Amino acid sequence: MQKLSQSLLTAATLLSFGVGTSFALTANSSYTISTSKLKSDGTLASIETKPAVTDADGKLTFTLTTLPTNAEVNFIAFTIKNGAGTVVRQGVAPAPPDGDVNQLGINDLATVQAATFLKAAELAGTDDPILAAYLLVLLRSPDLQADDVLKLAALGQGAIRGNGGFESYLLNNGVSQQKLTALKGCLVYNPDSTKATLRDFTKGYYTAVQSGSSATETSETQKAGGLMADVFMNAAACADVELGQITNAHEAAGAAAEATGLMSGPGALSANLMASIDQSMSAFNRKISMVQMVTDYTNALNTLQANGSQVSTFVTAAQAMAVATANVDAVYGEFFRDPAAYLAAHPGSDAQTVQQAINTIFQNAWTTFQNAIASSNGDITALKASIMAAFPGIMLPPDFGTNYIDQQTQVNWPIQQVVMVNWMLNLIQGGGSISYTRDTTPIPPMMQQWLGSCSNTQYWDQQSCTGHGGTWTSQRSSFDTPSTAFNAYLAIQQDVNIVDMARNSIWDNNNQPTQEQRMQAASNFMTRLGTIEGKIIATKSGGASASTAEKKAIIKLMLQPNAN
């Protein structure tokens with residue numbers, strides 16, 4: 001158990017309620033504060049109860065002599081009762097590490113979040129941090145009807161611990177029980193103090209209730225909710241779980257939540273709460289995909305020895321995107337909190353126009369990011385010169401070093417693609433080698449229209465070929481440059497493109513794939529990339545093989561950034 005000295009108490013255990021908020025405690029009144037530890041079986045065990053009196057602003061400061069650390073429990077629960085013995089506030093905070101402190105603020109939203117998680121823990125018989133984190137993602141509105149707490153607790157239990165849910169997906173797709181356990185621990189406490197955890201979430205609430213402004217409190221509370229994408233991905237990296245597994249597991253959680261029958265129909269959650277959850281999950285899914293993308297590419301850049309300027313440019317662009325997308329929580333915090341009240345206060349708006357506005361913020365941030373990470377013309381020119389110097393006699397197509405983002409718009413390769421090719425060039429010029437055996441993933445239908453060969457060699461796509469009497473054969477290209485190493489690079493790139501387009505082919509012809517189809521496509525994508533990785537043979541000078549991390553980085557940097 002951890003003893004808290006007087007000097008730590010103000011920061012660590014202050015439960016404060018800002019002036020002017022609609023949920024302030026009664027000024028100059030007596031209350032009791034009880035603390036409990038949440039046991040591993042989902043039940044509460046009392047620690048102590050203390051009296052306290054609010055000040056003239058309804059703020060409550062209290063002293064606790066003993067709190068457990070994260071080595072003993074995952075969570076500590078706080079219950080505040082008035083003089084009549086009625087529960088007026090609840091809160092849950094992750095237990096701090098030994099010798100450290102956590103900050104905690106409680107308002108109306110924190111109270112319903114605590115009540116929901118404690119009920120879910122009781123139903124599931126566990127103090128599972130993943131369950132806690134998931135409910136924090138879902139629940140960003142305090143507007144719950146009488147039976148919403150029980151329903152939401154049951155929904156969270158099904159989504160995380162139910163058949164086909166978050167945890168069973170991970171265990172059934174290569175994540176060991178040991179890593180799953182580590183993931184849970186890392187949500188509560190990360191040894192890297194620079195990484196956000198659930199401690200930062202509760203700290204955000206502390207900042208919110210200290211603000212003394214209702215508007216600022218709402219904004220800061222919703223910002224804390226927006227932090228959850230980082231919290232999940234930081235925990236995954238801490239536990240050595242592949243980030244793509246986490247995004248896929250959230251898809252699985254969504255499908256399992258739907259299966260509970262609590263998201264639609266006569267037994268569903270109340271309409272206003274469901275509207276808030278829909279928007280919260282939409283924003284969360286976008287953010288967690290962006291966090292995954294940025295983390296994966298940054299790691300790959302460092303693995304393939306990108307220079308400081310290249311890494312800095314990429315990271316700076318990613319940070320700007322994070323700031324821009326965080327604006328969603330600041331601008332639309334009132335909507336997440338209470339959709340009906342927000343729409344009533346904004347005549348002419350409806351849920352669809354709000355969603356469109358949020359989508360625009362994300363799309364503008366993404367477009368700015370893509371432009372910021374594009375290589376300069378000088379970088380592309382230098383890359384071409386390096387390739388021709390490394391492989392004498394090679395002929396590069398005029399559009400080498402560029403991508404088409406649509407049929408007319410041509411843009412330079414992003415920084416990460418240049419880094420990957422330069423790494424390969426350095427490998428070859430340093431006396432190493434690279435070879436590759438072609439993958440066999442079927443070419444998706446839309447790609448078959450232009451990836452192949454025509455019996456009339458004047459034509460390069462299916463429509464032109466058959467339109468002029470030729471016979472079109474859809475097939476992988478045979479590369480025959482003077483360099484076998486460069487041929488291997490081109491073959492890897494083409495196979496990676498095929499696998500990427502196969503993943504996205506479920507959307508062809510304006511199809512709207514089901515959640516299960518999206519999950520399967522994502523799982524196939526990861527499996528197929530793993531197959532390609534196994535077919536790469538890269539040897540460095542002296543005969544040492546390229547590491548698994550380097551081969552993964554080669555493939556990652558060949559993929560175009562995708563935040564979906």
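Q: How are α2 and α3 oriented to each other?
A: In this predicted model, the axes of helix α2 (residues 108-124) and helix α3 (residues 129-138) come within 10 Å and cross at roughly 140°. Angles over 145 degrees would count as roughly antiparallel, and 65 to 115 as roughly perpendicular, with the rest, apart from those under 35, taken as oblique. The orientation of α2 and α3 is therefore oblique.

Q: Is the crossing of α2 and α3 left-handed or right-handed?
A: The two axes cross at roughly 140°. The handedness of this crossing of α2 and α3 is right-handed.

Q: How many nonpolar, polar and charged residues has the contact of α2 with α3?
A: On the α2 side, the residues that meet α3 are Gln113, Thr116, Phe117, Ala120, Ala121 and Ala124. Their partners in α3 are Leu131, Ala132, Leu135 and Leu136. By class, the contact comprises eight nonpolar, two polar and no charged residues.

Q: How are α11 and α15 oriented to each other?
A: The axes of α11 and α15 are 11 Å apart and pack at an angle of about 10°. Angles under 35 degrees count as roughly parallel. The orientation of α11 and α15 is therefore roughly parallel.

Q: How many charged residues has the contact of α11 with α15?
A: From α11, the residues Gln279, Ser282, Ala283, Arg286, Lys287, Met290 and Met293 take part. They meet Ala351, Gln355, Ile358, Asn359, Phe362, Trp366 and Phe369 in α15. By class, this contact has eight nonpolar residues, four polar residues and, as charged residues, two.

Q: Why is the pair of Phe232 and Phe284 edge-to-face?
A: The structure holds twelve aromatic pairs. In the pair of Phe232 and Phe284, the ring centres are 6.1 Å apart. Planes over 60 degrees apart count as edge-to-face, so the pair is edge-to-face because its planes lie at 70°.

Q: Which helices hold Phe232 and Phe284?
A: Both Phe232 and Phe284 are buried. Their pair links distant parts of the chain, 52 residues apart. Phe232 lies in helix α9 (residues 228-238) and Phe284 in helix α11 (residues 271-303).

Q: Which residues form one aromatic cluster with Phe400 and Phe486?
A: Phe400 and Phe486 make a tilted aromatic pair, 6.3 Å centre to centre with 45° between the planes. Phe400 belongs to the loop between α16 (377-390) and β7 (402-404), whereas Phe486 belongs to helix α20 (residues 484-504), 86 residues apart. Phe400 and Phe486 are buried. The cluster that holds these two also includes Phe391, Trp413 and Tyr489.

Q: Is Val188 buried or exposed?
A: Val188 is found in helix α6 (residues 177-188). Its relative accessibility is 1%, and buried means under 20%. Val188 therefore counts as buried.

Q: With which residues is Val188 in contact, leaving aside its neighbours within four places in sequence?
A: Gln416 is 228 residues from Val188 along the chain, and their C-alpha atoms are separated by 33 Å. The residues in contact with Val188, once its neighbours within four places in sequence are left aside, are Asn70, Asn74, Phe75, Pro94, Ala95, Pro129, Thr197 and Arg199.

Q: Is Gly348 buried or exposed?
A: Gly348 has its place in the loop between α14 (339-345) and α15 (351-372). Exposed means over 50% relative accessible area, and Gly348 has 78% relative accessibility. Gly348 therefore counts as exposed.

Notes
Residues are numbered from 1 along each chain as its sequence is written. This is a predicted model: local features need pLDDT of at least 70, side-chain atom pairs count only at pLDDT 80 or more; totals for chains, interfaces and linings use all residues. Side-chain values use heavy atoms; hydrogens and water are left out. Helices (H or I, at least four residues) and strands (E, at least two) are DSSP runs, numbered from the N terminus. Buried means under 20% relative accessible area, exposed over 50%, partly exposed in between (1.4 Å probe, protein chains only). Contact means heavy atoms within 4.5 Å. Axes are lines fitted to C-alpha atoms, for helices over the stretch in contact, and angles run from 0 to 180 degrees between N-to-C directions. A crossing is left-handed if the near helix is turned anticlockwise from the far one by less than a right angle, and right-handed if clockwise. Ala, Val, Leu, Ile, Met, Phe, Trp, Tyr, Cys and Pro count as nonpolar, Asp, Glu, Lys and Arg as charged, and the others, Gly among them, as polar. Rings of Phe, Tyr and Trp (its six-membered ring) pair if their centres lie within 6.5 Å; planes under 30 degrees apart count as stacked, over 60 as edge-to-face and the rest as tilted.
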